[in-house]
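Have the picture handy as you read.

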Amino acid sequence: MRAAFSSGCTALTGIEAISNDTQLFKQPRAKNAANTLVVMAVILITFFLGITVLANAVQAVPSHEETVISQLARTIYGSDGIGYLGYVLTIIGAFAVLFMAANTPFADFPQLAALHSSDGFLPRQLTYRGRRLVFTWGVLTPRSARWCWSSSRARWSPT
């Protein structure tokens, strides 16, 4: 259940980024954001269907040792010579996509928190812009929460 939820969250981070950053699009903003969402949905559906068809064709099954993407790349490219380079490039590409997906919530949290605080759902301090034109409290809040979490875990973990 947890893995399915996290996979769904990973797939939705791009949609979250576009919906939070609509004001950064050129005019007409709503139309350009909608077009971007349609393109993202088409890419997501294409990748999902392609991976599903290929995984069924090569009998790839999720395991703890190797991901389905790795199994597909290994089967398609092989393990020798130039095929190994294709395999490595596929794994690097998958890592880059996952890295950017994981970075999106951290990059967009200050702006999302500022929007919610201007509506009165979060403390008003989250709307203040700092020297570098970022929402200072929106940047400091996750960092301090992370520091408190890691220090409390270290303090209470058995040694």
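## Salt bridges

A salt bridge here is a side-chain nitrogen of Lys or Arg within 4 Å of a carboxyl oxygen of Asp or Glu. Going by that rule, the count is one salt bridge. Keep in mind that this is a predicted model.

Who takes part? The salt bridge is formed by E66 and R74, and their closest N and O atoms sit 2.6 Å apart. R74 is partly exposed because its relative accessible area is 36%, which falls between the 20% limit for buried and the 50% limit for exposed.

## Around E66

You'll find E66 in the loop that runs between helix 2 (29–58) and helix 3 (68–77). The side chain of E66 also has a polar contact of 2.8 Å with the side chain of S70.

If you set aside the neighbours within four places in sequence, E66 touches Q71, R74 and Y87.

## A look at L89

L89 belongs to helix 4, which covers residues 81–118. With a relative accessibility of 52%, L89 counts as exposed, because the cut-off for exposed is over 50%.

Across the protein chain, pLDDT averages 76, and 69% of the residues score at least 70. Which helix comes out lowest in confidence, and which highest? Helix 5 (residues 136–156) is lowest with a mean of 57, while helix 3 is highest at 92.

Key: Residues numbered from 1 in each chain as written. Predicted model: local features only at pLDDT ≥ 70, side-chain atom pairs only at ≥ 80, totals over all residues. Heavy atoms only, no water. Helix = DSSP H or I, 4+ residues; strand = E, 2+ residues; numbered from the N terminus. Polar contact = N/O pair within 3.5 Å; in protein donor to acceptor, adjacent residues only side chain to side chain. Contact = heavy atoms within 4.5 Å. Buried < 20%, exposed > 50% of the residue type's maximum accessible area, 1.4 Å probe, protein only. pLDDT = per-residue confidence, 0-100.
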